[in-house]
Amino acid sequence: MAPSLRSIVLAGGGTGGHIYPLLAFADALRRHFPDIRITTLGSPKGMENQLIPAAGYDLRVIPAFQLPRSINLDLFRTPDRMIKSAAAAGEIIDEVQAEVVVGFGGYVSVPAYLAAWRRELPIVIHEVNVPPGVANRMGMKFTKRLAVGFPHQLEQAESLRNARLVGVPLRTGITRMDRPALRPQALYHFGLRPDLPVLFVSGGSSGARTINLAVAAAAKRLAHAGIQVLHVQGGRNDPFDVPNDLPVPYVVVPYLSDMQLGYAAADLMLCRGGAITVAETTALGMPAVYVPYPFSNQEQRRNALPVVESGGGLLVDNSELTPEWIETNIIPLARDRQRLAAMGEAASGYGRRDGDEQLLRFVLEAVN
């Protein structure tokens with residue numbers, strides 16, 4: 001990577017799906033260009049306020065407004081708001097003398113795209129969903145430089161047909177991880193036994209109530225089948241009851257900042273189908289049962305389906321995830337080492353670990 005970069009603005013916020021790839025990409029920038037100035041743009045209320053400064057990056061907050069999805073009164077107020085937001089983004093771009101703006105989605109990306117376009121700066125958009133998020137759809141009016149995380153996006157969205165497939169930037173803690181080597185330490189950390197399979201349950205950073213309640217209700221059945229559970233409750237979820245007289249460990253943690261340890265301890269995962277989750281499970285070759293979030297435009301189902309079709313996991317509708325379903329499907333799977341190994345291999349065949357490096361290559365092409 002001969003060309004150099006001196007200053008870059010990264011925009012993305014709201015949810016982990018936008019922020020985690022941004023942070024992984026920032027880490028790659030810093031590895032290759034130790035003296036680069038990295039400035040991130042975020043909104044006042046998003047998760048970025050907790051995550052980005054904690055990771056050691058400069059976060060500048062600008063006003064960001066939810067974009068209306070249809071023609072209504074808000075649409076007529078949007079231009080005035082957007083001009084103010086874009087002016088704020090533009091001042092920061094000028095101050096840091098950015099050479100390129102890279103956006104990962106979330107409403108805060110739009111003013112960044114607009115300000116960069118006005119300055120004729122290169123813009124690169126990274127998108128992980130089908131259909132693309134509303135902010136990135138607006139950004140596509142200003143640039144043709146689109147990067148995507150998954151092969152199915154190129155086939156399923158007309159607007160992404162000519163995008164560059166780079167993968168999803170993931171933290172090196174995930175991409176360089178040796179699961180078998182880390183496993184003894186992870187089991188010890190959570191107080192799990194090395195002689196029994198572990199089901200790792202996580203509904204994402206904010207959790208998933210349906211998953212939490214179904215697995216907790218199946219606790220006795222899982223335990224009596226000799227299956228241990230490591231269960232991440234999720235930040236926004238109410239506690240749930242787990243029987244305390246189980247014959248094998250059932251460990252509940254409210255939140256897990258070090259997901260590597262969870263992955264290392266696990267034989268099988270039960271999770272949502274968010275883009276980052278799917279990118280991580282497949283990069284690690286982790287067999288998974290995906291329960292896509294039902295109240296959306298089904299992008300989580302689209303994320304997980306190709307993995308399932310390749311043999312790397314199972315898919316179950318949110319409404320069908322019951323203690324009975326867990327007993328019939330998850331218990332035999334968790335105890336079948338051969339089947340888990342085959343699923344893990346299929347998952348890793350679909351996954352990739354170089355999304356950060358490939359996106360950096362694409363951004364350097366845009367700048368030079």
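Which element gives the most to the lining of the largest cavity? It is α1, with three residues.

Good morning, colleagues. This is a predicted model, in which local features need pLDDT of at least 70 and side-chain atom pairs count only at pLDDT 80 or more, while totals for chains, interfaces and linings use all residues. Residues are numbered from 1 along each chain as its sequence is written, and side-chain values use heavy atoms, without hydrogens and water.

I begin with the cavity. The whole structure holds one cavity of 30 Å³ or more. A cavity here is a set of points on a 1 Å grid over the protein atoms alone where a 1.4 Å probe fits but cannot get out, and lining residues have an atom within 4 Å of a point. The lining consists of Tyr20, Pro21, Ala24, Pro169, Leu170, Arg171, Ile276 and Glu280. Two elements, α1 (16-32) and α12 (275-284), each supply two or more of these residues; helices are DSSP runs of H or I with at least four residues, and strands are runs of E with at least two.

I turn now to strand β2, residues 37-42. Five of its six residues are buried, that is, under 20% relative accessible area with a 1.4 Å probe and protein chains only. β2 pairs in the parallel sense with β1 (residues 7-11) over five bridges, where pairing requires at least two DSSP bridges. Leu41 in β2 is the bridge partner of Ala11. From β1 the chain crosses through α1 to β2, a right-handed β-α-β crossover: with the strands pointing away from the viewer, the path from the first strand over the helix to the second runs clockwise.

Terms used. 1 Å grid on protein atoms, 1.4 Å probe; cavity = no way out; pocket = protein on both sides within 12 Å on 5 of 7 lines; lining within 4 Å. Points joined across faces, edges and corners; volume = space filled by probe spheres on them. Buried < 20%, exposed > 50% of the residue type's maximum accessible area, 1.4 Å probe, protein only.
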